Amino acid sequence: MNVFIEPTTRSASPEIDFETLHENRKNSGAIPKFLTFFAAMIIAAMLAIILGNIVWGGYGIISLDFLRLPPENGMEGGGIFPAIFGTVALVILMVIAVVPIGVFTAVFLSEYTTPTSISTRLIRQAINNLAGVPSIVFGLFGMGFFIAFIGGGIDALFFDSGRPVWGQPAIIWAALTLALLTLPVVIISTEEALRTIPSEIKDASLALGATKLQTIRRIVIPQAMPGILTGAILAVGRGAGEVAPIMFTGAAYYLPYLPTKLNDQFMELGYHVYVMATQSPDIEKTKPILYGTVLVLLLLTFLLNFTAILIRSRMRARRASAAQ
Amino acid sequence: MEKYKFKPKSRVREFIGEKFIQINAYAAIAAVLLIFIFIFKEAAPIFYDQDVKQEASLDKMIFKQQFKKGREPKWAWQPESDIPKFSLLPLFIGTLKAAIIAMLFATPLGVGAAVYSSQFASKRMREIIKPVIELLAGIPSVVLGFFALLVLATVIQNLFGLTYRLNAINAGVALGLAVIPIVFTIAEDAMTSVPNSLRDASLALGANPWQVTLSVVLPAAFPGIAAGVVLGFGRAIGETMIVLMASGNAAIISASFTDSIRTFAATIAAELAEVVFGSAHYHVLFFIGTILFLFTFVLNMLGDVAMTRIKTRLQGKLQ
């Protein structure tokens, strides 16, 4: 390691030059400190500008009717209710799919294996890689695997009408695609919670004659609940904002009805923003509604993220106090 | 565990429960494998199917092609024209241009803010910076794309007096906003994992805080900072919605950053909805998906190796 320090302190002379040392300390790098501070401030300022612009442009349009009504006049009027409904339905299905798998994976990693075993390392590597896969690739995968392979397979086996029933874009396929995308979030969050559980509690349960599975079900999982909840909320926050994976797997430009069956298509807030911003014939007329939709989407994801951060920081505080 | 006596029934249940959990745990591995298999399966005809190869073989995607007699051979991406052209070079250049701008923008800001947060900031300041970064990370990419399309594009056009509103700079800066949290988080994590003993020793020898940062903390945390930049680059290459909305989506070959660009990811997003199932175009789009997948896979591996190495080095050797 290159530990380079001022020449004066390096010199072979046994006498310490306190004069230079003092000067050196006094001149404690105010300029670099300011420059790095400046970098942080630029980031904060950009965030403020983005949020300010969206709140400024969007708050005027938001009303009960805006949240309650469907779009009208080719999206130049009306509200965004179908998109809100679709988003909520989508993330609920996603959570149902992703939380059990994510929690079991985390339990397996922390309770059944050692950190250095091959299976742990493979799973961990897979989680990391899954977290880095571009979201559009998830969209391709959802189309090739869920719609064509699984959906098409179901159609070929059970329906012979010639028209696709399950082998078409649908809310269930979009939800499952998003579940894969958010799986790492749930696993990592649950694992962090599992690590905070003192081993004494588990040992006590085992010593009282409970089996490992009983200990996990009655002691470990309930104790890890805040972490699981955090993971689920973060996953929802992430899933609610992703557009690329659902573009081809189920989201629709405009639908006159709400999705009621698992193989219905649906409208979604993020996709609605994309459609209005890029396909609108007259952007000036769509703008207010567009800003309103962005604001609703942003509020939704921020509220979710904020709740998750709050639960997590409480959990960490509890862990810190338990450790003392 | 085996030493305890259980009723046989509970032992069976125990076994089934463990296997069930174990099978679930392999879901992540299965997912990564399935993603690769299913994307590559749809891309593979490019290599063996004669009909597809006629329109889009590997060398047609890479090398200059002569499309009409007497015309100069050229690279072009025009998949839906009468003579479909599938050169990947314009898309590659576009992807690279956006990612370069994004990294030029995000690296100094992300690393600078990370240095400040981990070395200089008071505890209270840190508690402001971290949520700011988390908020930025929480903005959905479609919202950043929307902002770049409606607001940022106009600002940048007026600032530099550009001909095209939507260009590589606009897309790159918006992309940088998405990359900053990644660079910051990983670089900050690496710098805070430098043991305090190193820092204290350097301070005790008379170095000032900036000298400590420059000659002790930064060299020690370098692999981690590099990992942050590499992973950020991976995100910049694969990000879809921002470039789809902010880049202009014109597949042209030019060295200028003020021209419109079209990236790999945005091409898939823009064209997959209209493509004929099973056509050469369809397979080429999945081939682009395969490239994106493999590229980010390799970058992730590299970033991972760097992070593990720095953690074991700093915590293993120096405790």
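Colleague: Helix 7 and helix 8 of chain A, at what angle do they cross?

Modeller: Keep in mind this is a predicted model. In it, the axes of helix 7 (residues 135-158) and helix 8 (residues 171-195) of chain A cross at roughly 135° and come within 9 Å. An angle over 145° would count as roughly antiparallel, so these two helices are oblique to each other.

Colleague: And is that crossing left-handed or right-handed?

Modeller: Right-handed, for helix 7 with helix 8 of chain A.

Colleague: Which residues make the contact?

Modeller: From helix 7 of chain A, they include A:Phe138, A:Phe141 and A:Phe146, along with A:Gly139, A:Gly142 and A:Gly151. Helix 8 of chain A brings A:Trp173, A:Thr177 and A:Leu180, among others. By class, that contact has nine nonpolar, five polar and no charged residues.

Colleague: Switching to the two chains: how many residues of chain B are in contact with chain A?

Modeller: 76 residues of chain B, against 75 residues of chain A. On the chain B side, 52 are nonpolar, 18 polar and six charged.

Colleague: How do helix 6 of chain A and helix 2 of chain B pack?

Modeller: Their axes are 8 Å apart, at an angle of about 50°, which makes helix 6 of chain A oblique to helix 2 of chain B. The crossing is left-handed.

How values were computed:
Residues numbered from 1 in each chain as written. Chains lettered and ligands numbered in written order. Predicted model: local features only at pLDDT ≥ 70, side-chain atom pairs only at ≥ 80, totals over all residues. Contact = placed C-beta atoms within 7 Å. Nonpolar A, V, L, I, M, F, W, Y, C, P; charged D, E, K, R; others polar. Axes fitted to C-alpha atoms, helices over the stretch in contact; angles between N-to-C directions. Helix = DSSP H or I, 4+ residues; strand = E, 2+ residues; numbered from the N terminus. Parallel < 35°, antiparallel > 145°, perpendicular 65-115°, else oblique. Left-handed = near helix turned anticlockwise from the far one by under 90°.
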